[in-house]
Amino acid sequence: MISLYAWMPPARRKHPRPGPASFDGYDETEAASGQRLAEALVARFAKAPEATADGTRPDTHEVLVTHAYPIAWLVRHALDAPPSRWLGLNSGNTALTIIHYRDGLPPTIVMFNDMSHLPPDLRWTGFREGLRP
């Protein structure tokens, strides 16, 4: 499991400090560690499949089971949004997000935060009461 809880945007001096109070008190060491985790997440998952020896690209499907923050970081990256924008991308517990990576094309967000596989009483868990529909 990959966690980005310790990471805040490295250029935080250029942006107002967004996000929940749970990020108060992090230090530069934690921020640098989180940035390394974010970079590793992108390097591992945010790419098209590599070509095989015969030059073809296999059709692969990878499942990443993680927390909402790494999902938000990958969606932010796929949309080419500024680093601080990952904090506004919230997803529910067990929600599904699909990002399609193809060689030579920008990533495609196929679905984000899909909870249709859950019974209604389990949807929107992980969101505070004011954000639930």
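**Salt bridges, then a serine**

I began with E62 and R44, whose side chains form a salt bridge at 2.6 Å, N to O. E62 sits in the loop between α1 (28–45) and α2, while R44 belongs to helix α1, so this pair ties together parts 18 residues apart in sequence. I noted R44 as partly exposed, because its relative accessible area is 40%. A reminder to myself: this is a predicted model.

Next I asked how many salt bridges the structure holds.

D103 and R57 meet through their side chains at 3.1 Å, N to O. D103 is in the loop between β1 and β2 (108–114) and R57 in the loop between α1 and α2, so the bridge ties together parts 46 residues apart in sequence. D103 counts as exposed at 52% relative accessibility, and R57 is partly exposed at 42%.

K47 and E50 also form a salt bridge, with their closest N and O atoms 3.7 Å apart. I wrote down K47 as partly exposed, at 38% relative accessibility, and E50 as exposed, with a relative accessible area of 57%.

Last, I turned to S91, which I located in the loop between α2 (68–78) and β1 (96–100). Is S91 buried or exposed? S91 counts as buried, because its relative accessibility is 12% and the cut-off for buried is under 20%. Leaving out residues up to four places away in sequence, I listed its contacts: S91 touches A68, I71, F112, N113 and F127.

Conventions: Residues are numbered from 1 along each chain as its sequence is written. This is a predicted model: local features need pLDDT of at least 70, side-chain atom pairs count only at pLDDT 80 or more; totals for chains, interfaces and linings use all residues. Side-chain values use heavy atoms; hydrogens and water are left out. Helices (H or I, at least four residues) and strands (E, at least two) are DSSP runs, numbered from the N terminus. Buried means under 20% relative accessible area, exposed over 50%, partly exposed in between (1.4 Å probe, protein chains only). Contact means heavy atoms within 4.5 Å. A salt bridge is a side-chain nitrogen of Lys or Arg within 4 Å of a carboxyl oxygen of Asp or Glu.
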